[in-house]
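Here is a guided walk through one protein chain. Look at the whole first, then at the parts.

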Amino acid sequence: MQAWVVERPGPIGSGPLRRLDRPLPEPGPGEVRVRVSCCGVCRTDLHLAEGDLPPRRPSVTPGHEVVGTVEATGPGAARFAVGERVGVAWLGRTDGSCRYCRRGDENLCTGPAFTGWDTDGGYADACVVDERYAYRLPEGLPDEQAAPLLCAGIIGYRALRCAAVPPGGRLGIYGFGGSAHLAAQVALAQGMRVHVFTRGEHNRALAAELGADSVGGAADPAPEPLDGAILFAPAGDLVPVALRALDRGATLAVAGIWLSQIPALDYAAELFEERRLRSVTANTRQDGEEFLRLAGRLGVRATTVAYPMAEAPAALADLAAGRFGGAAVLHNDPVSASAPPTA
Ligand SMILES: [Zn+2]
Ligand SMILES: [Zn+2]
């Protein structure tokens with residue numbers, strides 16, 4: 001089969017990815033092999049390709065927003081039938097035995113395996129997954145629509161919960177890409193007032209189109225105090241900006257796996273009065289199940305841009321350059337792939 005691998009991490013323009021011929025992976029005990037229909041492109045893939053995230057395995061295949069069908073089952077795997085559609089997400093496995101797993105915080109597991117970082121992911125014709133960590137997907141949702149829900153959607157949903165905005169409250173969203181535009185739809189459907197702060201015309205247009213209450217520049221002051229905020233942009237210098245926009249007692253949740261340096265904080269203006277700063281680390285399977293159910297019910301729709309699988313490096317380069325709004329999705333089936341945006 002064909003699979004992209006991160007060969008030499010470095011700037012996306014330097015060609016860190018290479019496409020190789022690899023043997024089809026055999027599912028082990030409790031695993032299934034998924035024939036990849038499409039795979040979403042997540043900013044984490046870019047951080048991995050560029051070396052911001054240190055590779056955990058040489059020549060790993062990225063991709064953790066995988067939609068496909070089960071084509072082979074390993075010994076003892078019985079959760080899915082061959083031919084069934086499944087989703088494969090970032091959380092590939094946990095040890096189930098560390099103190100965090102035992103208390104229900106498997107997102108903090110000390111012995112996890114992440115898809116497309118520890119194990120080979122979906123920038124390929126097929127990949128293998130522990131069936132306990134695969135998801136059933138809402139029916140009637142096309143593969144391309146379902147892919148971005150699997151990381152961008154689930155992490156955005158966890159971040160939204162971490163921001164702890166009360167019903168009808170005021171949410172700030174800093175950065176508006178693949179994850180933010182899905183979280184915003186849930187927030188708006190739940191009656192929150194949503195203020196978006198972002199640079200990039202595509203992102204601003206998308207936020208307005210989805211019904212955000214206001215759309216401002218990345219570091220603009222908020223039009224009203226915020227009951228909670230999420231930082232999706234990987235920009236540490238926005239942390240004090242967002243903290244200053246919070247009302248007393250409110251929380252800023254940082255959604256990214258990577259963030260540039262946070263400048264020194266001003267305690268009085270940015271943290272005092274019980275403002276909270278917290279990170280969001282991976283997700284539990286419960287977050288995933290909950291979000292996918294909610295997404296099906298609320299009709300959450302991903303804005304997607306299709307690329308052929310062969311164009312994975314171009315999709316990552318376009319993501320790095322902010323050339324599209326929403327989420328890029330790689331397709332193995334050339335028929336269903338529409339044209340990528342022109343730069
Ligand atoms: Zn654990
Ligand atoms: Zn991701």
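Predicted model: local features only at pLDDT ≥ 70, side-chain atom pairs only at ≥ 80, totals over all residues.

Residues are numbered from 1 along each chain as its sequence is written, while chains are lettered from A and ligands numbered from 1 in the order in which they are written.

Start with the whole chain. Its secondary structure comes to 10 helices and 17 strands. Both are DSSP runs numbered from the N terminus, with at least four residues (H or I) for a helix and at least two (E) for a strand. Along its principal axes, the C-alpha trace spans about 55 × 50 × 40 Å.

How much of the chain is buried? Of the 343 residues, 50% count as buried. A buried residue has 20 or more other C-beta atoms within 10 Å of its own, an exposed one has 12 or fewer, and a partly exposed one falls in between, with C-beta atoms placed from the backbone.

Now the parts. The chain is divided into domain 1 (2-150 + 303-336) and domain 2 (153-279). These bounds come from an automatic or database domain assignment. The C-alpha centres of the two domains lie 27 Å apart. Across the boundary, 16 residues of domain 1 are in contact with 13 residues of domain 2. Contact means C-beta atoms, placed from the backbone, within 7 Å. On the domain 1 side, helix H1 (residues 43-50) gives the most, with three residues.

Two loop residues deserve a look. Most residues other than glycine have a negative phi. Ala164 has a positive phi, near 50°. This residue lies in the loop between helix H4 (152-163) and strand S10 (170-174). Ala164 counts as partly exposed because it has 15 C-beta neighbours inside 10 Å. Glu273 also has a positive phi, near 65°. Its loop runs between helix H8 (267-271) and strand S15 (276-279). Is Glu273 buried or exposed? Glu273 has 12 C-beta neighbours inside 10 Å, so it counts as exposed.

Key:
Contact = placed C-beta atoms within 7 Å.
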